Amino acid sequence: MTEELVSLKKRHNNRKRVEKWLVSNHRYINITAIEKEISAPKGLVQKFVKYDKKIHDKWIEPLYSVIKTFTSFTLR
């Protein structure tokens, strides 16, 4: 039961992070490339950014992982 609550809270936090990042950085990214990377339907992110259409739950985790790798700069 508590694992379920933690999972729901984590998903909710990831959704907030993804949505906030997309809204603030949509001018600087190639939206189509991100959609192709996760094999999402064409226009999924654009519809969210432009028309405020909700992104389905199943796309939040793949978007989160792409954005996480995209934004984590590591020096070698």
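Reply: Buried means under 20% relative accessible area, exposed means over 50%, and partly exposed lies in between. The model is predicted.

Me: On that scale, is Phe70 buried, partly exposed or exposed?

Reply: The relative accessibility of Phe70 is 45%.

Me: How many aromatic pairs does the structure hold, and what is the geometry?

Reply: The structure holds one aromatic pair. Trp21 and Phe70 form this pair, with 5.9 Å centre to centre and 85 degrees between the planes. Planes over 60 degrees apart count as edge-to-face, so the 85 degrees of Trp21 and Phe70 make the pair edge-to-face.

Me: Which helices does the pair link, and how many residues apart are Trp21 and Phe70?

Reply: Trp21 is in helix 1, residues 2–25, and Phe70 is in helix 4, residues 57–71. The pair links distant parts of the chain, with the partners 49 residues apart.

Me: Is Trp21 buried or exposed?

Reply: Trp21 has a relative accessible area of 17%. The limit for burial is under 20%, so Trp21 is buried.

Me: Which residues does Ile29 contact, leaving aside its neighbours within four places in sequence?

Reply: Both partners of the aromatic pair, Trp21 and Phe70, are among the contacts of Ile29. With neighbours within four places left out, the list for Ile29 is Trp21, Leu22, Ile34 and Phe70.

Me: Which element gives the most residues to the largest nonpolar core?

Reply: This core has 18 residues, and Val18, Leu22, Ile29, Ile38, Ile55, Trp59 and Leu63 touch the most other members. Two or more residues come from each of helix 1, helix 2 (31–37), helix 3 (44–51) and helix 4. With six residues, the element that gives the most is helix 4.

Me: Where is Arg15, and is Arg15 buried or exposed?

Reply: Arg15 sits in helix 1. Its relative accessible area is 11%, and burial requires under 20%, so Arg15 is buried.

Me: What is the C-alpha to C-alpha distance between Arg15 and Ile55?

Reply: Leaving aside neighbours within four places in sequence, Arg15 is in contact with Lys54, Ile55, His56, Asp57 and Ile60. Arg15 and Ile55 are 40 residues apart in sequence, and their C-alpha to C-alpha distance is 8.9 Å.

Notes:
Residues are numbered from 1 along each chain as its sequence is written. This is a predicted model: local features need pLDDT of at least 70, side-chain atom pairs count only at pLDDT 80 or more; totals for chains, interfaces and linings use all residues. Side-chain values use heavy atoms; hydrogens and water are left out. Rings of Phe, Tyr and Trp (its six-membered ring) pair if their centres lie within 6.5 Å; planes under 30 degrees apart count as stacked, over 60 as edge-to-face and the rest as tilted. Helices (H or I, at least four residues) and strands (E, at least two) are DSSP runs, numbered from the N terminus. Buried means under 20% relative accessible area, exposed over 50%, partly exposed in between (1.4 Å probe, protein chains only). A nonpolar core is a set of buried Ala, Val, Leu, Ile, Met, Phe, Trp, Tyr and Cys residues joined through side-chain atoms within 4.5 Å. Contact means heavy atoms within 4.5 Å.
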